[in-house]
Structures are given as C-alpha cells and as structure tokens.
Amino acid sequence: APSSNRRAAAQGRLREIALTFATGGMGRKDVINDLETLTTVWRGDETETEGLKLLAHLYTEESRYRDAFHVMRTALLAHPNSDLTRKIQDEAAATFESLFLGGKGEALPPVEALGLFYDFRELTPIGRRGDEMIRRLADRLVSVDLLDQAAELLQHQVDHRLQGAARAQVATRLTVVYLMNRKPDRALATLQKTRAADLSNDLRDQRLLLEARAMSSLGRHELALELITSINSREAMRLRSDILWAARRWRDAGEQIELLYGNRWREFAPLNDTERSDILRAAICYALSEESIGVARLREKYEAKFSDGADRRAFDVVTAPIGASGTEFQDIAKKVASVDTLDAFLRDLSSRYPEASAAPPAGAAGEGGSPAAEFEAKPITNGAAAGPAIGTGPDNRNVASSPLPPTSRLVCR
C-alpha cells in the first residue's frame, strides 16, 4: 500500500528503481523516465540529490551530455554543499574533459559540440590541460569558419597564459587564423609581439614565412622577399612566386614557379588542379613579361600534361606566340589571378609544419600526446589549483588564471 510518509515513499521508490535496474528488470530509458519523474515531484533532500546523481550518470552513458550537465547545475542550485553534488560535479568534469580533450567530442557535430562547450564552459579545468582544451576548441572553431572566435581564444592564450617557445608556437597558430580571416595586420602584429630567442629552426622558419606572407598582403613586397632570402624550402619557393606575382614582377614570378616544379614535367603522374593552375600562372607571367623563350620552354615541357582535360584550351591560349594582347588570353589571366594563393600556401605550410596549422597534429589526443605536454614554458597563473572552477563561472575568474577570455563573442544555443 502507498505510504503516507512521502519522504519514505520517495526514498523507497528510488531504491526500487535502482534495484530493478541493477537486476536487469528495467531498461535504461525506462529508468531515466522514472528518475526524471521522481526528481521532478520530490525535491529538497538527499533523495533528490541521489536521484540526480544516478540520472546524470545514465544521461552520460546515453551520450545525452547536455542533459547530464544540466543535472549538475540543478544539483548545484538545490544542494551546493552536498557530498553527492560534489560527486555529480566530478563526473561532469571528467565527461567534459573526455569530450574536449580526450577526443570523444569529435563524434559530435561541430556546432553541437561548440554549443555544449560554451554553455558549460565553467567545467574547463584551470592549468595546462585547460589551455590545451582551449587550443583544440580553437581548431574546432576554425573548422566551421568561426575565425573571429578562434582568434579570440588563441589571443587570450598568447596574452595571458604562455611564455617563451610555447607562446611563440601558439602565436604562430594564431597568425594562421588571422591570415585565413584576411587580417594580415593582426597577423604581423602577433608575430612581432611574440618574438623570442632560442626557437627551433623549424619554428623560426614557419614564423618568417608567415611574416613574409602578411607583409606581402600589406603591400610590402620587397621586405617580404628579404625576410625569406635564406629559406630554400618548397614552401618558400611557392611564397616567393606569390609575392613576385603580387608585386607584378612577372618574369621573376614565372621563373620561381618553374623552379618550384623542377622536373615535374618528366613524371608520369598527371597534374592535379593546383599544379595546373600554377603552370598556367607561370605561362601568363612569361607572356606578360614578353619572355617568348620562357613561354616556348614551358609549352615544350608541359604540353603533354595538358593534352586533355578542362585546361587544355587555356594552356594553348597562354602559351601561344600571339602574346598577352588577345581577349581570350586576358579572360584566362583574370580567371587564374582570381585563384586564392593563400589557400595553397597554408596547405603546403600545414603539410610541412603540422603544428603551425589551425588543426592539431594527427594522433594528438589525450594528455600523453598533447603538444601542451611538450611545452617547457610555464603558463602564467596566480597559483590556482588545477581542475574546473565549478560554481564560479569563467567570467569571475582572474583573467590570467583562466584558460578562457573573460567574455566570448560566441553564444551557441
């Protein structure tokens, strides 16, 4: 018979649900429904908190992460001093870390994952793990073209959280984001502000290449070329050709592209889209500089590569003896010039230096393989202990101690 003691009845119902589930007499979804009902109609004591703890755990197992985190907030509001509430917080923090640092969040749609992070960002741990979580979040923001928000997160890391080589490396990633967002002035300022001694040769070269690209985008072509004089990598050759093209030094740009591809014309493999565009660009450069010998040489080398495909007519036109005065030539030149060389440059740079890209290196999941574990520089902190500052909210933390900026432009719902 139903008990007249409602408190005892609620406790009994909770024990019944837990026992039935433990013995396999009830499925997880049915248990969740019963617990939702119980924690709605009975509030105010440990029975509610115990029910919320079990409910949050089952939500997590069902991958209903948002519901699990909402349960944590409910427990915090109703029973902030309860030991069971602390256990709910601990489980929520562990789940949050597994999602945004351990890689489980990769299975979620990007916008859903980002919305979950921003809605419950008070679970972000303080310390190096929190810093690495934020950098991974920035990569996720870039993947959905939220470049302003990604830059804001990385800028906070550079300004308040890192020193030395670690700061220079994250600043390099921030520079890439600014370039992608068509803000070369911010990219240049970031590099200049984070110069440091004793950087590795690879990191130094990355930064010089990015600085040269930013300067070229600002119209300072000669200075950009001077910056990368001593770098002879493939990425530097591509960048030189882009800078020379932007500076309208047609002959030099054509020679640099031809040097970039070397004996590619001898190889059996067909040209890909980027290679075809580059060869057309080189031919246009030679034609504009009236280098008939260069045009003829390029035609002899690559005619077989363009013997079929959509670019065959374009190659015939730009390598024809009539020069650059024809209307068809000018139309093709405009089309080739409209191709964004920044994408190809950043793609090459990411391939050569994965840590400079806006995406993390492959396999860099978890604590052991995270770039943060390799940083020797110490984050700038105020002595706060590691772990999530649950209940304080990110906006109330000391700016330097929090991995997150005080405010964010992104609110995902």
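**Aromatic pairs and a helix contact**

Analyst: In this predicted model, a search of the whole structure finds 8 aromatic pairs.

User: Why is the pair of F306 and F315 called stacked?

Analyst: The ring centres of F306 and F315 lie 4.3 Å apart, with the planes at 5 degrees. Rings pair if their centres lie within 6.5 Å, and planes under 30 degrees apart count as stacked, so F306 and F315 form a stacked pair.

User: What makes F306 count as buried, and what makes F315 count as buried?

Analyst: Buried means under 20% relative accessible area. F306 has 2% relative accessibility and therefore counts as buried; F315, at 0%, counts as buried too.

User: Which residues do ring pairs link into a cluster?

Analyst: The cluster consists of F69, F96, F100, F117, Y118 and F120, linked by ring pairs.

User: Why are α8 and α9 called roughly antiparallel?

Analyst: The axes of α8 (residues 147-161) and α9 (residues 164-180) come within 9 Å and cross at roughly 160 degrees. Angles over 145 degrees count as roughly antiparallel, and α8 and α9 are therefore given that label. The crossing of α8 past α9 is left-handed.

User: Which residues make the contact, and how do they divide into nonpolar, polar and charged?

Analyst: From α8 come L147, A150, A151, L154, Q155, Q157 and V158, and from α9 come R167, V170, A171, R173, L174, V177, Y178 and M180. These residues divide into 11 nonpolar, 2 polar and 2 charged.

Terms used: Residues are numbered from 1 along each chain as its sequence is written. This is a predicted model: local features need pLDDT of at least 70, side-chain atom pairs count only at pLDDT 80 or more; totals for chains, interfaces and linings use all residues. Side-chain values use heavy atoms; hydrogens and water are left out. Axes are lines fitted to C-alpha atoms, for helices over the stretch in contact, and angles run from 0 to 180 degrees between N-to-C directions. Helices (H or I, at least four residues) and strands (E, at least two) are DSSP runs, numbered from the N terminus. Angles under 35 degrees count as roughly parallel, over 145 as roughly antiparallel, 65 to 115 as roughly perpendicular and the rest as oblique. A crossing is left-handed if the near helix is turned anticlockwise from the far one by less than a right angle, and right-handed if clockwise. Contact means heavy atoms within 4.5 Å. Ala, Val, Leu, Ile, Met, Phe, Trp, Tyr, Cys and Pro count as nonpolar, Asp, Glu, Lys and Arg as charged, and the others, Gly among them, as polar. Rings of Phe, Tyr and Trp (its six-membered ring) pair if their centres lie within 6.5 Å; planes under 30 degrees apart count as stacked, over 60 as edge-to-face and the rest as tilted. Buried means under 20% relative accessible area, exposed over 50%, partly exposed in between (1.4 Å probe, protein chains only).
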